[in-house]
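Welcome, and take a moment to turn the model around before reading on. We will walk through it one part at a time.

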Amino acid sequence: MTNNDIFRRIRYTFDLKDSTIVDIFALAEVSVAQEQVTAWLKKDDDDAFVTMKNRELAAFLNGFISFKRGKREGPQPVPESQLNNNMVFQKLRIALNLKAEDILAAFELAGFNLSNHELSAFFRKPSHKNYRECKDQVLRNFLLGIQLQLRPNQEASSSES
């Protein structure tokens with residue numbers, strides 16, 4: 001999944017307006033213009049489409065954590081320049097304050113079976129022997145499960161349009 005795909009799915013799932021997204025970036029102490037947000041949300045084949053960089057998605061996710069849980073005291077975390085699916089998954093888990101059972105329930109809604117052991121492997125340090133890389137399919141199904149929880153009456157395919 002591209003950073004733009006992840007960004008679009010989070011925006012749709014939580015029904016975030018462009019102005020709210022600008023505020024979320026501000027919580028991470030990053031300034032973005034509403035036009036920039038609009039360009040990130042465009043379809044890949046649109047001339048106005050702009051690819052979202054890792055640092056920009058990391059800043060959004062850091063701001064999203066503050067948006068959902070409240071801004072923490074002291075300096076805000078610096079957005080990572082390298083981002084992978086495991087880090088995105090972890091940041092979403094923190095933002096939504098999800099426990100393993102909540103995540104497994106979201107996967108179940110998406111029709112994706114995962115054991116508790118498999119799930120915990122995604123949140124381990126890469127140097128740990130049981131660490132497992134979070135593939136696009138896993139992250140996609142997690143986002144779909146969260147979407148089905150929060151917007152149960154919406155078509156799953158409407159996030160693709």
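The buried residues of helix α4 pack against α1 (3-13), α2 (18-27), α3 (34-41) and α5 (85-96). Here, helices are DSSP runs of H or I with at least four residues, numbered from the N terminus; buried means under 20% relative accessible area, exposed over 50%, and partly exposed in between, with a 1.4 Å probe and protein chains only. Among the buried residues of α4 are Leu-57, Phe-60, Leu-61, Phe-64 and Ile-65. After α4 comes Gly-70, with a positive phi near 100°.

A word on what you are looking at: this is a predicted model, in which local features need pLDDT of at least 70 and side-chain atom pairs count only at pLDDT 80 or more, while totals for chains, interfaces and linings use all residues. Residues are numbered from 1 along each chain as its sequence is written, and side-chain values use heavy atoms, with hydrogens and water left out. The predictor's confidence in each residue, pLDDT, runs from 0 to 100. The chain averages 91, and 95% of the residues score at least 70. Over residues 157-161, however, the pLDDT is below 50, and this stretch has six contacts beyond near neighbours in sequence, a contact being heavy atoms within 4.5 Å.

Next, look at Asn-4, in helix α1. Is this residue buried or exposed? Asn-4 is buried, with a relative accessible area of 1%. A polar atom of its side chain lies 2.9 Å from the backbone oxygen of Val-50. Not counting residues up to four places away in sequence, Asn-4 touches Trp-40, Phe-49, Val-50, Thr-51 and Met-52.

Finally, visit two loops. Most residues other than glycine have a negative phi. Asp-15, in the loop between α1 and α2, has a positive phi of about 50° although it is not a glycine. At 46% relative accessibility, Asp-15 counts as partly exposed. In the loop between α2 and α3 you will find Glu-29, whose phi is also positive, near 60°. Glu-29 counts as exposed, at 56% relative accessibility.

Note on methods. Polar contact = N/O pair within 3.5 Å; in protein donor to acceptor, adjacent residues only side chain to side chain.
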